[in-house]
Structures are given as C-alpha cells and as structure tokens.
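Colleague: Please take one part of this model and go through it closely. I would like to see how the part relates to the rest of the chain.

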Amino acid sequence: TRAEMEGEKAAVIVAAEELVQKVMGAWDSSHDPFHALRVRDLALSLASEEGLRLSSFPVVELAALLHDIDDHKYAARGEKVGNVVESFLKEHNVESNTAEAVLKIVTTMGFKEELGASGNVPISPEFAVVQDADRLDAIGAIGIARAFTFGGSRNRKMHDPAEAPRTSLTKSEYAKGVAQPTTINHFAEKLLKLKDLMKSQAGKKRAQQRHEFMLSFLQQFKEEWEGKC
Ligand code: ADP
Ligand code: NI
C-alpha cells in the first residue's frame with residue numbers, strides 16, 4: 001500500500017497497537033502492553049534473521065501484537081473470551097488468508113496447548129517466530145521479572161523450601177493442595193523447559209544465553225536464601 005511504501009505504519013497495525021493498549025493496559029505488568037510490543041519487535045527480528053518472505057511480515061506482526069488479547073487468565077469472572085481478535089480482523093477487513101493465519105497462530109501458540117497436542121503438529125515459519133518471541137520474553141532477565149510480577153499479582157509466595165520442586169503439575173493438582181504454586185517452582189515447571197521448545201534456529205540461538213542467566217539467578221537465589229553468601 002501507499003502507506004507502507006512511504007514507511008508509514010499500515011492502519012491495521014496502528015489499530016492493533018491501540019487495541020493492545022486498551023485491553024492489556026489494565027493487566028499486571030507481566031502482561032502489559034510492553035509485553036506485546038516486545039514480542040512484536042522480537043518476532044519481526046527473528047523473522048528477518050530466518051529470511052521469511054516479505055508477505056509473511058504482516059502475519060507475524062499482527063499475531064505477535066494480538067497474541068495475548070484473548071487470554072482467559074485476564075478475563076473478568078463469567079466474561080466470554082475468545083473472539084476479540086477474530087472480530088478485530090473482520091472489522092478491519094484484513095484479507096482472509098492473513099486473518100486465518102493470524103488466528104491459527106494466536107489460538108494454538110500457548111504452552112498448555114502445545115503440551116496437550118498429540119503428535120507432530122505441522123508449524124508454519126510465521127508460527128515459529130511468534131511463539132519463539134513470546135517464549136524469549138518469558139525467559140532471561142525479563143522472564144524472571146515477569147514471573148515475579150505475575151506471582152506477586154496473585155499473592156503467591158516467591159519460594160517455599162518445604163515444597164519439593166515439581167516439573168509438571170496440573171491446575172487440579174494445585175486445586176487439591178498437592179502443592180502451592182510458588183514463583184520459584186514456575187521455573188522448573190515451565191521457564192527452564194522453554195529453550196528446548198524453540199522452533200526457529202534464530203530463537204534457539206537467543207534462548208541459550210537467557211537460559212543460562214536464569215540458571216545463575218536460581219543458583220544465587222538459593223545461596224542467598226540459605227545464607228551462604
Ligand atoms: P502461555 O501463553 O505461553 O501459556 P502464560 O501467559 O501463561 O504463557 O505465561 C506468560 C508468563 O507469565 C510466564 O512466562 C511467566 O512470566 C508469567 N506466569 C504465568 N504463569 C505463572 C505462574 N504460575 N507463576 C509465575 N509466573 C507466571
Ligand atoms: Ni505472551
């Protein structure tokens with residue numbers, strides 16, 4: 001379009017940024033608008049590094065910006081969620097192939113969705129970079145900050161030495177009181193697994209350093225907790 005040729009943002013991208021501000025502006029800062037903006041920048045940068053076609057970039061950018069909009073964790077009790085992104089794409093007359101690709105990404109990219117999926121699900125290069133970007137933002141220094149912010153927003157304990165580390169727990173196990181969700185345990189349960197779930201080469205490369213940073217953080221945390229340093 002003319003707007004793109006002149007280096008202006010497409011109207012639909014501006015509208016998506018506004019939706020992000022409106023919806024995520026009310027959420028705790030583990031999932032505030034800056035998360036969506038960081039994931040957009042990371043996803044576009046991974047997409048260039050992976051050599052994706054130019055026509056893929058609008059899909060990557062929209063999916064990255066909108067990926068958490070329909071997150072039920074932040075829905076008010078009883079509120080129906082799940083179709084804000086779909087309505088947005090319709091309302092802005094996003095071309096049907098692009099809209100379908102965006103929806104496919106945002107509805108299937110979650111950690112739980114992946115663990116619940118059976119067998120090999122074919123993934124597109126656009127899906128790979130958006131999911132990797134979201135996961136990169138969940139690890140490293142920012143990942144650590146986000147985890148404690150989320151835990152704090154739910155009044156969770158940082159750590160409880162009486163809780164044995166658990167690497168996989170379902171909601172119902174937590175509900176039954178098998179264990180308390182502590183933020184330190186979230187590392188074993190999820191954050192330390194993400195590096196091996198990266199889909200793109202570019203994502204794998206960037207995950208490495210962030211992963212190592214988390215390991216050294218956890219080591220230091222433990223030593224301080226035990227009064228050893
Ligand atoms: P996904 O959409 O991939 O399932 P989430 O939105 O559940 O990911 O989580 C994104 C980030 O929010 C996590 O990486 C973490 O920083 C924070 N978070 C989510 N659940 C928890 C938790 N139980 N404890 C601490 N942090 C959490
Ligand atoms: Ni996210």
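Modeller: The chain of this predicted model is divided into domain 1, residues 1-116, and domain 2, residues 138-229. Taken over C-alpha atoms, the centres of domain 1 and domain 2 are separated by 26 Å. Eight residues from domain 1 and ten residues from domain 2 take part in the contact. On the side of domain 1 that touches domain 2, the elements giving two or more residues are H3 and helix H7 (111-116).

The C-alpha trace spans about 60 × 40 × 35 Å along its principal axes. Of the 229 residues, 31% are buried. Among contacts between residues at least 6 apart in sequence, 65% join residues at least 24 apart.

At least three residues of the core come from each of domain 1 (1-116) and domain 2 (138-229). As a general matter, nonpolar side chains in soluble globular proteins tend to be buried together.

H4 itself is mostly covered, with eight of its ten residues buried. The buried residues are Val 59, Val 60, Glu 61, Leu 62, Ala 63, Ala 64, Leu 65 and Leu 66. The cover over these buried residues includes H2, H3, H5, H6 and helix H8 (125-136).

Setting aside neighbours within four places in sequence, Ala 133 is in contact with Val 39, Leu 42, Ala 43, Leu 46 and Ala 64.

H2 can be treated in more detail. At 1.5 Å a residue, the 14 residues of helix H2 (residues 11-24) should span 20 Å, and the end C-alpha atoms are 20 Å apart, which agrees. In H2, the residues Val 12, Ala 16, Val 20 and Met 24 are buried. These four cover an arc of only 90 degrees around the axis, which puts them on the same side of H2. The buried residues of H2 pack against helix H3 (33-49) and H4. On the face of H2 turned away from the buried side are the exposed residues Ala 11, Val 14, Glu 18 and Lys 22.

Ala 10 lies in the loop between helix H1 (2-5) and H2. With 15 other C-beta atoms within 10 Å, Ala 10 is partly exposed. Ala 10 and Pro 58 are 48 residues apart in sequence, and their C-alpha atoms are 9.3 Å apart in space. Ala 11 belongs to helix H2. Ala 11 is exposed, because it has 11 other C-beta atoms within 10 Å and a residue counts as exposed at 12 or fewer. The C-alpha atoms of Ala 11 and His 92 are separated by 8.8 Å, although the two are 81 residues apart along the chain.

Two loop residues deserve a backbone check. Asn 93 sits in the loop between helix H5 (84-91) and helix H6 (96-108). Asn 93 has a positive phi of about 50 degrees although it is not a glycine, and with 9 C-beta neighbours inside 10 Å it counts as exposed. Asn 155 is placed in the loop between helix H9 (140-153) and helix H10 (171-175). Asn 155 is not a glycine either, yet has a positive phi of about 60 degrees. With 6 other C-beta atoms within 10 Å, Asn 155 is exposed.

Definitions and conventions:
Residues numbered from 1 in each chain as written. Chains lettered and ligands numbered in written order. Predicted model: local features only at pLDDT ≥ 70, side-chain atom pairs only at ≥ 80, totals over all residues. Domains from an automatic or database assignment. Contact = placed C-beta atoms within 7 Å. Expected span 1.5 Å × (residues − 1). Buried ≥ 20, exposed ≤ 12 C-beta atoms within 10 Å, placed from the backbone. Arc of directions from axis to C-beta.
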